[in-house]
Amino acid sequence: MANKVLVVFEKPIYLSFEPVDPHVFATALGVSDTPVEVNVLLRDSAVTYGVKNQQVNVKIAGQDIMLHETSPEKVMTFMIEHGAKIRAVSEDMKMRGINKEDLVQGIEVISEDDSVRLLEEHDSFMVW
Amino acid sequence: MATETTPSSAPAKVKRVAIVLATGSYQREAPTTVLRLVEKLLQRGVDVNVWAFEEAVTLTNKDQIDHNEPGSLQKVLGEKHPNIGRFIDQMIRAGLHGAKLDWVSCILCVQERGVEKHQMGGSIVGTLGDLWKFVKAADRVICIPTYR
């Protein structure tokens, strides 16, 4: 039985009709509603999930498509507050001009090499 | 050295745009982007024809509901979120009083997914013949495939 799961995000998705990315949603639900330890690795383009102060409100026909103010930052913070460790790969951040101070508080920056260590520390993996 | 010059010519005004859309609403942001684009085009007086196929035919399912979010996440996500059908309906109705929006769902795709009888008013179940007419009549064609 998997007790320690690493969730790997590789691609960002914004502004679908789910509040934030459904995968982030699903991961947050796992953190809050199950006894399984869930941790997150943001790599490739998904490092943008970790950037704070994103505004995701969009109107169509004068109506907000998200009735609630929802941003990746809120979900990331929720996961951290519920015990998840979130890491972002520094090389992928650098390529996209993202600095450590741009990230949501509590996200740890690790190197590509160091991310391999996570494969040893977890017993199951989900890659979105 | 002589400089080659080409006579300047203003681009022809775009009057009709065809959008070919293949993605569903809860997988990625493409339908949201399409609706934002449609709204701007209609406001500019441009007629828009959307050809929806593959998973995009579920966008006009009339039986979508605004479901509640899980209780443990409501502080983060809110109590519920709206469905995309509501916004498509508004776009089609907006087109009734200005530039026009036609939204056609592929008949084969709606049948495969069991949503033929669930298509909302205003959307049209059509064939590849409609797609051909849309493309032929369009000044610009935008195709958004299913890739992720």
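Modeller: A salt bridge here is a side-chain nitrogen of Lys or Arg within 4 Å of a carboxyl oxygen of Asp or Glu. The model is a predicted one, in which local features need pLDDT of at least 70 and side-chain atom pairs count only at pLDDT 80 or more, while totals for chains, interfaces and linings use all residues. Residues are numbered from 1 along each chain as its sequence is written, chains are lettered from A and ligands numbered from 1 in the order in which they are written, and side-chain values use heavy atoms, with hydrogens and water left out.

Over all chains, the search of the whole structure finds 12 salt bridges. One of them joins Lys4(A) to Glu37(A), with the closest N and O atoms 4.0 Å apart. Lys4(A) sits in strand E1 (residues 4-9) of chain A and Glu37(A) in strand E2 (residues 37-42) of chain A, so this pair ties together parts 33 residues apart in sequence. Helices (H or I, at least four residues) and strands (E, at least two) are DSSP runs, numbered from the N terminus. For accessibility, buried means under 20% relative accessible area, exposed over 50%, and partly exposed in between (1.4 Å probe, protein chains only). Lys4(A), at 25% relative accessibility, is partly exposed, and Glu37(A), at 32%, is partly exposed too.

Also in chain A, Arg43(A) and Glu112(A) meet in a salt bridge of 3.1 Å, N to O. Their positions are distant in the chain: Arg43(A) is in the loop between E2 and strand E3 (59-60) of chain A, and Glu112(A) is in helix H4 (residues 112-121) of chain A, 69 residues apart. Arg43(A) is buried, with a relative accessible area of 17%, whereas Glu112(A) is partly exposed at 27%.

In chain B, Arg113(B) forms a salt bridge with Glu55(B), and the closest N and O atoms are 2.8 Å apart. Arg113(B) belongs to the loop between helix H4 (107-112) and strand E4 (123-126) of chain B, and Glu55(B) to the loop between strand E2 (47-52) and H2 of chain B, so the pair ties together parts 58 residues apart in sequence. Both ends are partly exposed: Arg113(B) has a relative accessible area of 27%, and Glu55(B) is at 32%. Back in chain A, salt bridges that share partners join Arg43(A), Asp44(A) and Glu112(A) into one network.

The rings come next. Rings of Phe, Tyr and Trp (its six-membered ring) pair if their centres lie within 6.5 Å; planes under 30 degrees apart are stacked, over 60 edge-to-face, and the rest tilted. The structure holds 2 aromatic pairs over all chains. Phe9(A) and Tyr49(A) form an edge-to-face pair, 5.5 Å centre to centre with 65 degrees between the planes. Phe9(A) is in strand E1 of chain A and Tyr49(A) in the loop between E2 and E3 of chain A, 40 residues apart. Phe9(A) and Tyr49(A) are both buried. The rings of Phe17(A) and Phe87(B) have centres 5.4 Å apart and planes at 55 degrees, so that pair is tilted. Phe17(A) lies in the loop between E1 and helix H1 (22-33) of chain A and Phe87(B) in helix H3 of chain B, so the pair joins two chains. Phe17(A) and Phe87(B) are buried as well.

As for the interface, the rule finds 0 salt bridges across chain B and chain A.
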